[in-house]
Amino acid sequence: KLPLLAPVIAAAFYGIISIIFTSSWEVALTTSIVSAVIMLSMVVVIGFLGQISLAQMSLAGVAAYALIRFTSKGKAIQDVTVHGPGLPHPLAALLAVAVTVAIGLIIAAPALRIRGVQLAVVTMTAVIAIQEFIFRNEKIVGPGAKANNPVPRPSWFGWDVSVTYKPNKLDPSKSNTFTDRWDFTIFALIFLVVLVWMMNNLRRSGTGRRFLAIRSNERAASSGGI
């Protein structure tokens with residue numbers, strides 16, 4: 001009845017904790033928020049539909065890699081050159097999601113025919129395929145296949161939402177350390193709140209009720225035209 005209640009409570013809780021936490025605790029808080037965003041996809045697949053998927057983290061990695069490539073400009077970052085069109089981060093994020101959805105649909109295709117353990121095996125196979133043919137393929141990923149791809153500093157409409165502070169000209173050793181970067185925490189929190197609100201609305205919608213019907217009894221739902 002109150003779809004906004006859960007995200008508002010979550011936002012208030014994380015906002016208070018963000019003020020209290022500093023340094024490594026702030027990093028742990030931010031990691032928890034990002035993990036919660038990824039886990040919401042499992043709520044839909046496993047919680048609403050009752051299906052099995054073991055590829056969620058790999059799909060998140062695909063989105064992250066696509067975002068890096070879309071925002072890169074071919075300039076050297078940390079002595080590594082990552083080529084890309086240099087798109088603005090909001091647009092690059094939408095395109096990265098689109099790419100991930102396309103790959104997700106390919107992985108999900110077998111779900112039309114198989115269920116249970118067999119579906120778990122297929123999604124696990126997809127994880128291995130993504131890891132071997134994308135993330136460890138130097139022709140596709142570049143130097144990041146053997147190390148880490150540097151990430152251009154993200155900026156959303158002029159708001160720097162990087163997890164690290166800008167380079168410190170007086171003390172370069174403090175330029176790339178994880179610190180109390182509340183900007184990124186708030187940025188991730190905004191996305192978490194919006195997604196939780198969307199999840200609540202999805203569950204209350206006609207599509208959400210169909211999902212729950214499939215989870216309860218797939219054959220009965222199929223006989224009813226779902």
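**Ground rules.** I number residues from 1 along each chain as its sequence is written. As the model is predicted, local features need pLDDT of at least 70 and side-chain atom pairs count only at pLDDT 80 or more, while totals for chains, interfaces and linings use all residues, and side-chain values use heavy atoms, with hydrogens and water left out.

**Whole chain.** I looked up the secondary structure and found 9 helices and 4 strands. Here helices (H or I, at least four residues) and strands (E, at least two) are DSSP runs, numbered from the N terminus. Along the sequence the order reads α-α-α-β-β-α-α-α-β-β-α-α-α. The chain has 226 residues, of which 30% count as buried. For accessibility I use relative accessible area with a 1.4 Å probe and protein chains only: buried is under 20%, exposed is over 50%, and partly exposed lies in between. I also looked at contacts, meaning heavy atoms within 4.5 Å. Among those between residues at least 6 apart in sequence, 57% join residues at least 24 apart.

**α3 and α5.** Two packed helices are described by the angle between their axes and the distance between the axes. I take axes as lines fitted to C-alpha atoms, for helices over the stretch in contact, with angles from 0 to 180 degrees between N-to-C directions. Helix α3 (residues 56-71) packs against helix α5 (residues 116-135) at about 25 degrees, and their axes are 10 Å apart. The two helices are therefore roughly parallel; the classes are roughly parallel under 35 degrees, roughly antiparallel over 145, roughly perpendicular from 65 to 115, and oblique for the rest. The crossing of α3 past α5 is left-handed, a term for a near helix turned anticlockwise from the far one by less than a right angle. On the α3 side I noted Ser58, Gly61, Val62 and Tyr65, and on the α5 side Val127, Ile130 and Phe135. By class this contact has 5 nonpolar, 2 polar and no charged residues. I count Ala, Val, Leu, Ile, Met, Phe, Trp, Tyr, Cys and Pro as nonpolar, Asp, Glu, Lys and Arg as charged, and the others, Gly among them, as polar.

**Threonine 123.** I checked threonine 123, which lies in helix α5. Threonine 123 has 3% relative accessibility and so counts as buried. Setting aside neighbours within four places in sequence, I find threonine 123 in contact with Ile52, Ser53, Leu54, Ala55 and Ile107.

**α7 and α8.** Helix α7 (residues 182-204) and helix α8 (residues 206-216) have axes that come within 4 Å and cross at roughly 70 degrees. That makes the pair roughly perpendicular. From α7, Leu202, Arg203 and Arg204 meet Gly206, Thr207, Gly208, Arg209, Phe211 and Leu212 of α8. I sorted the residues of this contact into 3 nonpolar, 3 polar and 3 charged.

**Two residues of α4.** Isoleucine 106 is in helix α4 (residues 89-108), and its 65% relative accessibility makes it exposed. For leucine 94 and alanine 63, 31 residues apart along the chain, I have a C-alpha separation of 9.6 Å.

**Phenylalanine 157.** Most residues other than glycine have a negative phi. I looked up phenylalanine 157 for its phi near 55 degrees, a positive value in a residue other than glycine. Phenylalanine 157 sits in the loop between β3 (155-156) and β4 (159-160). With a relative accessible area of 75%, phenylalanine 157 is exposed.

**Salt bridge.** My rule asks for a side-chain nitrogen of Lys or Arg within 4 Å of a carboxyl oxygen of Asp or Glu. The count by this rule is 1 salt bridge. I found the side chains of aspartate 160 and arginine 153 joined in a salt bridge at 3.0 Å, N to O. Aspartate 160 is buried at a relative accessible area of 15%, whereas arginine 153 is partly exposed at 31%.
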